[in-house]
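Morning, everyone. Please have a look at the model on the screen, and then I will walk you through it.

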Amino acid sequence: MEPVFFYIFAGLTLLCGGLVIANPFTRNPVTSAMFLFLTILSMSGLFVLLHAFFLAAVQVLVYAGAVMVLFVFVIMLLDLKEEERRRMKLAAVVLGAVATGVIALAMIGAMRHSRVGLGLESNVAEGSTIALGKNLFANFALPFELVSLLLLVAMIGAVLLSKKDLR
Amino acid sequence: MNAVSLQEYLVVSALLFCLGLLGVIVRRNILVIYMSLELMLNAANLALAAFSRFNNNLNGQVLVFFIIAVAASEVAVGLALIVALYRRRQTTHVEDLATLRL
């Protein structure tokens, strides 16, 4: 059953990721945000398939919950009606597509040749909350505290940046 | 049916990363560029979680945890910057924001 779900979630992730950057019907940023939301949800499905259950929950809570709400709030704050009408430049689209296509082919080709992870079994590491929490607080206590500092700095920065008169 | 291999997860991750890169290159709306950045971070997360699972090592998942925290704070600061920029220049179109261009 696992491969079926893998292909469903991987296909959904890539499809919605593609619709984030290039939607043929509309160029409204709200649509991009909604498709990013779907991408994140199907990514959390992939995390469940990788037995990273805690990460799947955090992905939904933090990304789909907090980050996407922030994006939608900012889209609401900015008045973007005029932005929709602009056209993308054809040369930029073609060049960008060619460049990223070459990069994708190079990465996938390198993976094929290196035969990475060929003998590895997938049924060992469990990403349960207990195991992850033990590892986090036993081996990564200092980075964990530094992340709290980073969040504080980000909060102060966001408050300062959104003050009325920036000095 | 045999199980999904590490390579398939890595291919999905690489494709998702390239989609994000394409979005950063092609799109001209700074908010959509920001969303594409999130896509690229998510692709890195997927690769790390896959490596963590297949190598029987939880450190990769801890790193994903940190990446999610950093991405959340980055989004907060970046969106505050975009709002401040919009308040001053009334645009989110990157080609109108060419003050630093030579």
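How many salt bridges does the rule find across the interface of chain A and chain B? The count there is 0. Keep in mind that this is a predicted model.

So what does the interface consist of? Start with the side of chain A that touches chain B. Its residues divide into 58 nonpolar, 15 polar and 12 charged. Six helices of chain A each supply at least two residues to that side: helix 1, helix 2 (29–49), helix 3 (53–77), helix 4 (90–114), helix 5 (129–139) and helix 6 (141–161).

Now the totals. The contact takes 85 residues from chain A and 74 residues from chain B. Interface size is often given as the accessible area lost when the parts come together. Here, the two chains bury about 7300 Å² between them. Of that area, 75% is on carbon and sulfur atoms. Polar contacts do occur: 8 residue pairs between chain A and chain B, both residues at pLDDT 80 or more.

Next, the aromatic rings. Over all chains, the count is 10 aromatic pairs. One of them is Phe6(A) with Tyr9(B), in an edge-to-face arrangement. The ring centres are 4.6 Å apart, with 65° between the planes. Phe6(A) lies in helix 1 (residues 2–21) of chain A and Tyr9(B) in helix 1 (residues 6–26) of chain B, so this pair joins two chains. Phe6(A) counts as buried, at 1% relative accessibility. Tyr9(B) is buried too, at 1%.

Last item: one aromatic cluster. It is formed by Phe54(A), Phe137(A), Phe140(A), Phe144(A), Phe65(B) and Phe66(B).

How values were computed:
Residues are numbered from 1 along each chain as its sequence is written. Chains are lettered from A and ligands numbered from 1 in the order in which they are written. This is a predicted model: local features need pLDDT of at least 70, side-chain atom pairs count only at pLDDT 80 or more; totals for chains, interfaces and linings use all residues. Side-chain values use heavy atoms; hydrogens and water are left out. Rings of Phe, Tyr and Trp (its six-membered ring) pair if their centres lie within 6.5 Å; planes under 30 degrees apart count as stacked, over 60 as edge-to-face and the rest as tilted. Helices (H or I, at least four residues) and strands (E, at least two) are DSSP runs, numbered from the N terminus. Buried means under 20% relative accessible area, exposed over 50%, partly exposed in between (1.4 Å probe, protein chains only). Contact means heavy atoms within 4.5 Å. Buried area is the accessible area (1.4 Å probe) that two parts lose on being put together, summed over both. A salt bridge is a side-chain nitrogen of Lys or Arg within 4 Å of a carboxyl oxygen of Asp or Glu. A polar contact is a pair of N or O atoms within 3.5 Å; within protein, one must be able to donate a hydrogen and the other to accept it, and residues adjacent in sequence count only if both atoms are side-chain atoms. Ala, Val, Leu, Ile, Met, Phe, Trp, Tyr, Cys and Pro count as nonpolar, Asp, Glu, Lys and Arg as charged, and the others, Gly among them, as polar.
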